[in-house]
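Reader: I want to learn to read a model feature by feature. Where do we start?

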Amino acid sequence: MLKLFEKNTVVQAIIILVVTALLWREAFANPQPMVPSGHYSPLYDLLCGLHLSPTLSTIVAMLLVVLGGFFLNLMLSKVNLASQNSLLPTLLFIVAMSAQTPALSPTLLAALLVIVIVGRLMLHSTLLAVSPDKIFSTAALIGIASMVYLPALTLIVAYMLIAINYRLYGWRDWMMLLLGLLAPYFLLWSIQLFTGNLVSGFTQMGDDLGFLNFAIGEFTTLQVVANIVLLTAFVVSLLVIWHRLGEKPIVWQKNATTVMLITVAALAMLPFTQIFPVDFKFLAIPFTFCLCQRLNLPRRRSRSSRTSWRSHLFDLLFIIIIVAAIAC
């Protein structure tokens, strides 16, 4: 089945549409209104003020996920982290973002912003550095994401590790980070100052950051198994790709490391969110990259091998991942 993602684009698109329909069938059968934030989220609260109908919000959420997967596919292809003619990253991103009950939520919107953040940090040449303007825009995007979903501030943790990977130690780099992060907040605080909500905004933000949740939601046995399958597939793929980094060119290594380090932000976010069942939205980008690379390995090797049992085994794994996402 995975060989289909090396061939006709039309066939790939049909598979993606079918899988998307299966993942979102329950959401459209019983459309839900926009998910309450539960955190300090001024931008998301502004969006909630539009009072979108449950059906419309579900349609918007699905379209955003599909478009986000396509944009991520293009981004990975441009830096050679994915095949130029494959839409497998699009499908895997949709699978990760649509696990559990998909709906328009602050985590979905913030996770989509992470695609743009990662894109700003990708290297497109042998110059192993990120320009100050990209650092500023990356930090500003992190600030905007945190206004949609405050725990997204943990992206700063991932950025710090990425900065080490790129050796962004200069004072100018740190100043660009600080100014970029504060830029959207300065605008917000100015508006709150004139509307008399500045003090209450600071209070809500402080209370939210100081409250650790460690919540565990309701789940069935099937959901437990499905979550374990998806987590195991991701963790094993992450470890395999990390172990094989040394086999790749240095630019590829840097870009791949940037993508995988987003996992750290997702882990740092756990104290503020639900621990289980797992919300894969902030893991969607590293999940997509690692699974795409891992599922491609047997196909590359099978060309020079007389047997294709590994390819069939990974075809089965691919199907199991999709079924597990539907079962979540």
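Author: Start with Leu63. This is a predicted model. Leu63 counts as partly exposed, at 46% relative accessibility. Its place is in helix H3.

Reader: What makes the nonpolar surface patch that includes Leu63?

Author: First the general idea. In soluble globular proteins, nonpolar side chains tend to be buried together. Now the case here. Phe28, Leu56, Ile59, Leu63 and Leu67 make a nonpolar surface patch of about 430 Å². Helix H3 (residues 54-78) gives the largest share of the patch, 4 residues.

Reader: Take Leu81. What is Leu81 in contact with, leaving aside its neighbours within four places in sequence?

Author: Leu76, Met122, Trp252, Asn255, Ala256, Val259, Phe289 and Gln293. Trp252, Asn255, Ala256 and Val259 are among the buried residues of H11.

Reader: How many residues of helix H11 are buried?

Author: Helix H11 (residues 250-260) is mostly covered, with 9 of its 11 residues buried. The buried set also includes Val251, Lys254, Thr257, Thr258 and Met260.

Reader: On to the backbone. How should I read phi?

Author: Most residues other than glycine have a negative phi. His51 has a positive value, near 55 degrees. Arg167 also has a positive phi, near 60 degrees.

Reader: Where is His51 placed, and is His51 buried or exposed?

Author: His51 sits in the loop between helix H2 (42-48) and H3. His51 counts as exposed, because its relative accessibility is 67% and the cut-off is over 50%.

Reader: Where does Arg167 lie?

Author: In the loop between helix H7 (155-166) and helix H8 (171-195). Arg167 has 63% relative accessibility, so Arg167 counts as exposed.

Reader: Last, the cysteines. How many disulfides does the structure hold?

Author: The count is 0. The test is distance: two cysteine sulfur atoms must be within 2.5 Å. Cys292 is in no disulfide, and its nearest cysteine sulfur, that of Cys290, is 10 Å away.

Reader: Is Cys292 buried or exposed?

Author: Cys292 is buried, with a relative accessible area of 3%. Cys48 is partly exposed, at 25%.

Definitions and conventions: Residues are numbered from 1 along each chain as its sequence is written. This is a predicted model: local features need pLDDT of at least 70, side-chain atom pairs count only at pLDDT 80 or more; totals for chains, interfaces and linings use all residues. Side-chain values use heavy atoms; hydrogens and water are left out. Buried means under 20% relative accessible area, exposed over 50%, partly exposed in between (1.4 Å probe, protein chains only). Contact means heavy atoms within 4.5 Å. Patches are made of residues with over 30% relative accessible area and no salt bridge: like charges are joined within 9 Å, nonpolar side chains (Val, Leu, Ile, Met, Phe, Trp, Tyr) within 5 Å. Accessible areas come from the Shrake-Rupley method with a 1.4 Å probe; for residues, only the protein chains shown count as cover. A salt bridge is a side-chain nitrogen of Lys or Arg within 4 Å of a carboxyl oxygen of Asp or Glu. Helices (H or I, at least four residues) and strands (E, at least two) are DSSP runs, numbered from the N terminus.
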